[in-house]
Amino acid sequence: MAHPRSRRMRALAVPLGLALTASLGFLSPAATAAPQDAEAAAASADGPLLSYVVNTTPDHATVGKVEKAIARAGGKVVVAHENIGVIVVHSANPQFAASLRAVPGVASAGATRTAPLKASGTTDVGKPQKVNLPKSQLAAAGRTAKAKGEEPLEPLQWDLPAIKADRAAKVNPGSRKVTVAVIDTGVDDTHPDLKPNFSAKQSANCVGGVADTSKGAWRPWDPASDYHGTHVAGTIAAARNGVGVAGVAPGVKVSAIKVSEPETSLFYAESVVCAFVFAADHGVQVTNNSYYVDPWMFNCKDDADQAAIVDAVGRAASYAQRKGVLNVAAAGNSDLDLAAPKLPDASSPNDSTPVERTINPKTCWDVPTQLPGTVTVAATGVHKLKSGYSNYGLGQIDVAAPGGDSRQVPDLPAKNGNILSTMPGGDWAYLAGTSMATPHVAGVAALLKSAHPKSSPQEIQWLLKEQADNPGCPTGDTTCTGTQHVNSHFGYGIVDALDAVKK
């Protein structure tokens, strides 16, 4: 099976590092299921060991009754989120989900994957390439930056002035009372650009569905390949400390909630549910979600398993919103019109054998980006045009932000149309994707929350849209529909960091 990164995470392009990274690996213990009582022993266990979500009425009595039914059906409860009625279960009974759907109090139940649970290790996939920029040019850029009071690599960050984040930092760099949680592949909190703003108390490893808050559990499984979350974190909140790059909101805190499986880097529903609940319960104000929940690019509600995924993750995301969290998510990199009557999907399920299918976007959702209340982000390049890979759609895109585009090239000294940010091991690299656009929006949201600490997630989202600058549809581009103020490429427009701290 091909490595799923290009299909699943909202990042494009091979990273171009400025230094070599170290390799670090961890092992994930094998998941096991055992009968909890005599009835469970009698249940069939001749199928693959899978993970399931069982969604119930969120009260203690109902959850308790359903847990007993789970045991009778040959399931083992991994964790029960009683406050949202989501139970994560492991079972090798092929009829487990069907059995649970008939239980009173169960709203939905389904497998979160199509491949069996297994013990996983890490594999090295090579080192990032060094940036193709002469040392003399790098040195000159650094000298120019220092003279202007900028970070050494800031002249290579065309994206900051594109949303006026460089000017915003001089007005209000963000409050230490605001934290953005990066739900992703983990974050290297030892990076010199991230260490000053990292919040370990609001970080965890949620892989498997249970939060592990032990020291360092939130770091990447393998820094050589799981660099995605560290790159995202730098765009949000890399400190202005005379080292490397600058973040959009360099004064706020950033935390890491790791949800990617070791080796495959897949993001399963049980892990994402854990992440939203953990963020909500630990005082996070904004979450960054630069991924879609595997193994389905779109989860169709007429499929029982996929419907259960939408239900479980939707409950968790809604819980976070009720607790004051704004969820920001990437629109995706397939150049699809999410408002079209039908769309192709040839990459799902991405943990076993993909099958070609045609889906209806009205009933098949990209999770979490199409969940109610989530800010959906499209990507733009340096010329304020939609990035060629970015998904779009009238009524589907909320706002846009710089995500990079190799066809839109900035002037010197950058000469690279992608986004420069932090990498594990004290490195920096260029990447492109709606993965890179989303943290720009999360950073601006953090600035808004800093300037308006009493505002609700809904109010922050409204301000993001109201302050955005819309370039309008490009002449002759028939894929862009709508008006000067709201259209399919940019939603309400490209976010504005300066307005966020001044208005």
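Predicted model: local features only at pLDDT ≥ 70, side-chain atom pairs only at ≥ 80, totals over all residues.
Colleague: Which residue forms a salt bridge with Arg219?
Modeller: Residues are numbered from 1 along each chain as its sequence is written, and side-chain values use heavy atoms, leaving out hydrogens and water. A salt bridge here is a side-chain nitrogen of Lys or Arg within 4 Å of a carboxyl oxygen of Asp or Glu. With its closest N and O atoms 2.6 Å apart, the partner of Arg219 is Asp189.

Colleague: Is Asp189 buried or exposed?
Modeller: Buried means under 20% relative accessible area, exposed over 50%, and partly exposed in between (1.4 Å probe, protein chains only). Arg219 is partly exposed because its relative accessibility is 22%. Asp189 has a relative accessibility of 11%, so it counts as buried.

Colleague: How many salt bridges are there by this rule?
Modeller: Side chains of opposite charge can pair when their charged atoms come close. One of the pairs is Glu270 with Arg113, whose closest N and O atoms are 2.4 Å apart. By this rule, the count comes to 15.

Colleague: How many residues apart in sequence are the parts that Glu270 and Arg113 tie together?
Modeller: Helices (H or I, at least four residues) and strands (E, at least two) are DSSP runs, numbered from the N terminus. Glu270 lies in helix 9 (residues 269–281), while Arg113 is in the loop between strand 5 (106–111) and strand 6 (129–130). Both Glu270 and Arg113 are buried. The parts that this pair ties together are apart in sequence by 157 residues.

Colleague: What separates Asp311 and Arg315 in helix 10?
Modeller: Their side chains meet in a salt bridge, at 2.8 Å from N to O. Asp311 counts as partly exposed because its relative accessibility is 21%, whereas Arg315, at 17%, counts as buried. Asp311 and Arg315 are four residues apart in helix 10 (residues 304–322), so the separation is about one helical turn.

Colleague: What is the mean pLDDT of the protein chain?
Modeller: Good thing to check! pLDDT is the predictor's confidence in each residue, from 0 to 100. In the protein chain, 88% of residues reach 70 or more, but pLDDT stays under 50 over residues 120–130. The mean for the chain is 89.

Technical notes. Contact = heavy atoms within 4.5 Å.
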